[in-house]
Each structure stands twice: as structure tokens, then as C-alpha cells.
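Please look over the model below. My notes follow as numbered points.

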There are 2 protein chains.
Amino acid sequence: CILCAPQALADAPLPSWKDTATKKAIVEFVASATNPDSDSFIPVPERIVTTDNDGTLWAEQPVYFQFMFALDRIKAMEQDHPEWKETEPFKSVLSGDLKKVAASGMEGVAKIVAETHANMTQEEFAAIVGDWLATAKHPHTGKAYTDMVYQPMLELLDYLREHDFKVFIVSGGGIDFMRVFAEEVYGVPPEQVVGSTGEASFAMRDGVPAVIKEPELNLVDDKAGKPVGISRHIGRRPVVAIGNSDGDLQMLQYTTIPRSEADTTPRLGIIVRHTDAEREYAYDRESHIGQLKVALDEAPRRGWLVVDMKNDWTQIYP
Amino acid sequence: CILCAPQALADAPLPSWKDTATKKAIVEFVASATNPDSDSFIPVPERIVTTDNDGTLWAEQPVYFQFMFALDRIKAMEQDHPEWKETEPFKSVLSGDLKKVAASGMEGVAKIVAETHANMTQEEFAAIVGDWLATAKHPHTGKAYTDMVYQPMLELLDYLREHDFKVFIVSGGGIDFMRVFAEEVYGVPPEQVVGSTGEASFAMRDGVPAVIKEPELNLVDDKAGKPVGISRHIGRRPVVAIGNSDGDLQMLQYTTIPRSEADTTPRLGIIVRHTDAEREYAYDRESHIGQLKVALDEAPRRGWLVVDMKNDWTQIYP
Ligand SMILES: [Ca+2]
Ligand SMILES: [Ca+2]
């Protein structure tokens, strides 16, 4: 009956998740965390969820999408920088020699980031990223990057929010980059996005106030930087942490490992494992992007759920 | 009639505010910002409010309450630091010679902050601050510090939240210090508190994860640091900014000054002016704490509301 539909929906959450042990564990965690009569009940203000972005909410192969943005941006800026034809790493970016770009190391990446992510306001940067996202296409799928989000993860975020969990992104990606699309695509507002952050400065420019993005880094929100970003931006320990790589190891540890014997609040660690070479990509221990090795070995001991994309999801993209 | 009571309450917001032009301006701003038929309508996600804390939400005389905490803490730690009897600025703190402490300048303050605010976890620090707040009394009023919050400001925060504004604290005070009481006292959760922030590091200590507060500063969230803190933690421009001193000047500018002629979203700047020597304190241009001079002179030109505590408020503390 029509009147039963909402109840039926409530009874069948996470429609793109197969009825496996993984889905069952998630549903059971939420049911008991939100049941006031359960020993595992978690008060609403404590229902903090932190989730990684690259490889967890959207794809990250063949390279991080933000890096694709930076490369495209260098090409778009080429005409104003004739000197780049003779200067690395720009020369290699322009000639499409990505191996040589990679060989330029952290120093080369820093130069690319400085040229493409700094010396402008947050609003100016957001406009540039927005224009890029509206037109750029993924080299393998031909899809818009924001269409390469994982439908089951969108459902998971909605499901958690329906149960009064507050979802934060905590990612090694740039905070101002993710804020451009996180609200529309994931339903996560800018103030709930934590990411790698540059320095910034305030200035009045011709009587107009501006916060200028500076090239120096303030926080690398990856690995041990993730718990630091969480403590700085959120100020309390999450009850759910979701990631896909060793970059999430410390966030998973920080979230789930009890502080003492008295610390019995239930916590859920989730690792999204890329096992589906046909519908997406299959990679973990040996991958240069999204390497998953230490956290995968630690998962059984910690009780972290490992999502098997191939076997746990009926669908990848929306 | 009983059924009319909610409507009557809605008709009489801000009960501790006198019916002056100040209250009228606030109520009119909120009415038009929340009226979908108004040109001044502001969509809910954009309804970001940033408010200062010291001197805006609670008192700050004779010195910032957090500084009182630090001094008390040095005294409490004295027995473990016999060397402090002969080392400045600790020697002067212990002998109660606050002039000499002040004369030790930023270097002295940094030493006090390092000893009292660092080399422990966020949770350990919160427990210490919580214990202090539960017992410490203000030297003039004998009240608990958290009882020296401004009742009219509590009402204003509630009033804004009832109209779907999201309230953030943006203060020069320490972020982890304010987070200890902001949720209970102001209804502002830790993730909506922005303040001066120290560096931090992640470590596993005997198998238990911890984020350790470090003595170095990461952000001084005062003056030009406030728009930087806003852009970092919130990621969008507020529509309401509230402060009481020149430390809030740049936040007020950043919030209210139009970026272009097309930028017509209404914005509200509010300055709480300490005019009540009898019920609280009277100070502005010449004060060492909470100096208000440049922002006061700029207020008429910018259209910032100046709250006159003596004449606009029926009551100061709850
Ligand atoms: Ca990742
Ligand atoms: Ca102040």
C-alpha cells in the first residue's frame, strides 16, 4: 500500500548494498547506537562520522582528481607563462610527460600547487574549480568527475544522517577544493569539510576585504595529520571513521581504539576496498595511489569492516 | 489563552533587551532575512553567524578569564616545579605580582601558555579546565566564570538559532579552552568553536591513540586572524558578525563590506559596547583589555549596530 511505502523504505536501507555481512554489520551498528534502551546507545551530539574522500566517496584512479585539475589548470594558464616552456615541472606538464612530473617529487608538486591553488581568494579559487568540474571529463570513463562518486556511499551518508549522525569529510585532498562540490554532491556543507589546508592572509584590496590563499601549507590532512585535523576542526572523537587506504590508518585508530577499559562506547571503522576491476578498479597493497596494506592487515584485529566493492555493492556510480 | 502562548512568545523575542532601536534593528534583520518573499531573504545554509567570546558573550575584566585559568594553573603546578620560584615569569605569577607578569610580554605569556596548555591531550586539558571552571570564582563578583555570561546574548543566540542561523564562536581565546563550556553554556558544539589554536601531533602511547597539544601556535584567531579562522573552519562568509573590540574589526569588515555592486545580500555587524559601570564595566577607547576604538569609529560608516549595554539591556547576567 502507498501508506506503507515509507516504512518499507525504512526497512530496506542502503539499496545499492547487497545483503551481505558488511551491510548487516552497518545496519546493526546504527540500530543499536540509536536505540535509547541499548547499552550501545550514543547521544546525538556524539554521533560524529569522519570519512575520507578520494577512493572512499569518489574514485581516485589513474591519479587523484585534484591533481588532474592542477595539470589542466597549468595548461590553461600557459599563455601567461611563456617561461614554463623551459622550466620544470611545468615543461613536463605541458608536454604531457607525467612520469617526469612525478619524478620532480614533492618539490615539483609544491610548485604546481603554488601556481594553481594560491595567490587568490577562496571565492576566486572556488569559481575556477567549479568551472573545471562542470566541463572536465575522466580519461577512462568520459564521465564528469562528480559523477564518479560511489552510489552506495551516498546512500550510507544519507542513512547515517537520517539517524542523526553528523558527517564530516576528513581527507588529504585540499579543503577548499572539496568544499566546491561537497555540499551539492555529498550533502556535506563547507564547515564540515576538513582537508589539507594552506596558509592564508587577510587584506583590504581597494577597500574590499579578502582572504588570500598562500602557497605554504598549514596542515597536511593525511596519515597522522588526520587525527590532528579532527581535533582541530571537530574537537571531539568520532564514533564512525571511513577510509580506503593507509592514509586513513591513524584516523581509524584514533576513532576506534578504546582509551581505557571504561571506554565502552561502540565505534565503527570501515575500509572501502577496491576489488572490482570490471566496474571500477582493483588495487590495494602495491598501488601508488591509495595504497592499502598496513590498515588492511590491522583490520581483523581492530574489528574494522572491510567493504568488498565487487561483492558488497550492486552498483558503483549513480 | 494557553494556546496563544507560543505565539505571544514569538511576538516578544529577546526579553532582556529593552525596546530600543537596537533591538528593533535586530528583529527587522531576522524577519526580512527569513522571509522568502523578501529581497533580503537568505537561504538557510548561508545563515552563518560568527560571534566573539571575551567581552561579547561573557565578561573579560579585570583580565581575560583564560588568563586567570593559566595563573591558577601555575599555582596548582607549583609543587612539581621548584625551579619556578627563581624563574620569570613564574616567580611573579606565584608572588601575585601581575604587573611584572605583564612586563614579561609575549615571551612571558608564551612560557605560561606552554606550561599550562600543552604537552597533554585535548581530553586531559578539557578535564583540567572543567575542574577549574567548576570551582574558580571571579575576583570582583564572586560568581563562577560561566555565570558571567550575558543573558541578552544568550537570548540573541537562541533567537538566531530559532530562525535557522548557525552560530559559530570566533574568538582570540583558545579553541580547546572554549570548547569545554561552549556547548553547555552557549549551546555551541565544539565543531562550531573557532579560536586560537596550537600545533598538535598524533601518537600511539602504550597502544592508545592520542592527539598531543604542542606549545607552538598554529593560528592566532584575533584581528586579521579572524577572517583566516573563518575561511579555514567555516569556508563561507558569515551574514552576521558580533564582537566588542578592535580585535573584531577585520571580522566585521569581512562579513559586512560588499564585494561588488552585485553583492546585495544583507549583512549585520554588531558591536557590544561596555557602557555599564554599575552592573558590569565601562570601557572602550583606552582599555588594555577589549580596546574598542577603530571599530567604534568605523561603525556609523559601515552601518554596524552598537549595543549600549546600559541602555539596551534590562539585565546583564542570568
Ligand atoms: Ca583515500
Ligand atoms: Ca572580545
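1. Is B:Asp54 buried or exposed? B:Asp54 counts as buried, at 12% relative accessibility. Buried means under 20% relative accessible area, exposed over 50%, and partly exposed in between, with a 1.4 Å probe and protein chains only.

2. On conventions: this is a predicted model, where local features need pLDDT of at least 70, side-chain atom pairs count only at pLDDT 80 or more, and totals for chains, interfaces and linings use all residues. Residues are numbered from 1 along each chain as its sequence is written, chains are lettered from A and ligands numbered from 1 in the order in which they are written, and side-chain values use heavy atoms, with hydrogens and water left out.

3. The calcium ion (ligand 1) has three protein donors: A:Asp52 (OD), A:Asp54 (O) and A:Asn244 (OD1), lying 2.3 Å from it. Donors are N, O and S atoms within 2.8 Å of the metal (3.2 Å for Na, K and Ca); water is not among the atoms, so sites may look incomplete. The spacing along the chain is D-x1-D-x189-N. A:Asp52 sits in the loop between β1 (48-51) and α3 (65-77) of chain A, and A:Asn244 in the loop between β6 (240-243) and α12 (249-256) of chain A, so this pair ties together parts 192 residues apart in sequence. Helices (H or I, at least four residues) and strands (E, at least two) are DSSP runs, numbered from the N terminus. A:Asp52 is buried at 6% relative accessibility. A:Asn244 is buried too, at 3%.

4. In chain B, the calcium ion (ligand 2) is coordinated by B:Asp52 (OD), B:Asp54 (O) and B:Asn244 (OD1), at 2.3 Å. Its donors follow the spacing D-x1-D-x189-N. B:Asp52 is buried, with a relative accessible area of 5%.

5. How are the chains related? A rotation of 180° with 0.0 Å of shift along its axis superposes chain A on chain B, at RMSD 0.0 Å. The two copies are thus related as by a two-fold rotation axis. In chain A, the C-alpha nearest the axis belongs to A:His233, 3.2 Å from it. The copies are superposed by least squares on the C-alpha atoms of residues with pLDDT of at least 70 in both. Both copies use the same surface: 100% of the contact residues of chain A recur in chain B (contact means heavy atoms within 4.5 Å).
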